[in-house]
Amino acid sequence: MGFIMEFAENLILRLMEDPEQRDEAQRAHVYRMKERCERTKAAWALPLRPYGFWTFERFNSQLASDPQISQAAGRRDPYDDLLARHTSPNPPPSSSS
């Protein structure tokens with residue numbers, strides 16, 4: 001009977017994984033994931049477009065020529081209204097009968 005118990009014990013021990021190997025594999029996985037997350041966060045910190053991407057002349061000319069875009073809220077320059085008001089001639093007085 002001792003032989004069977006010894007055989008069963010050795011079989012179970014062979015089938016079980018080594019706790020140090022399991023811990024090392026888990027630790028390596030955690031370190032890989034941490035490094036991957038740091039690289040992802042560093043990539044998120046970068047701008048989507050390079051510096052000056054939207055300042056090219058073709059974008060500025062489109063903004064200037066398209067009144068729907070140039071007069072949109074947030075793009076409208078308040079000084080343009082002041083300049084237009086002071087440089088345009090006085091409107092004719094409205095005739096009221």
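1. Start with Glu38. In this predicted model, Glu38 is partly exposed, at a relative accessible area of 40%. Its partner is Lys34: the two form a salt bridge, and their closest N and O atoms are 2.8 Å apart. Lys34 is also partly exposed, with a relative accessible area of 48%.

2. Where does the Lys34 and Glu38 pair lie? Both residues belong to helix α2, which covers residues 19–45. Four residues separate them, about one turn of the helix.

3. How many salt bridges are there? The count comes to two. The other pair to look at is Glu17 and Arg22, whose side chains meet in a salt bridge at 3.7 Å, N to O. That distance counts because the cut-off is within 4 Å, from a side-chain nitrogen of Lys or Arg to a carboxyl oxygen of Asp or Glu.

4. Is Glu17 buried or exposed? Glu17 is exposed, at 51% relative accessible area. Exposed means over 50%. Arg22 is partly exposed, with a value of 41%.

5. Leu11 sits in helix α1, which spans residues 2–15. Leu11 is partly exposed, with a relative accessible area of 35%.

Technical notes. Residues numbered from 1 in each chain as written. Predicted model: local features only at pLDDT ≥ 70, side-chain atom pairs only at ≥ 80, totals over all residues. Heavy atoms only, no water. Helix = DSSP H or I, 4+ residues; strand = E, 2+ residues; numbered from the N terminus. Buried < 20%, exposed > 50% of the residue type's maximum accessible area, 1.4 Å probe, protein only.
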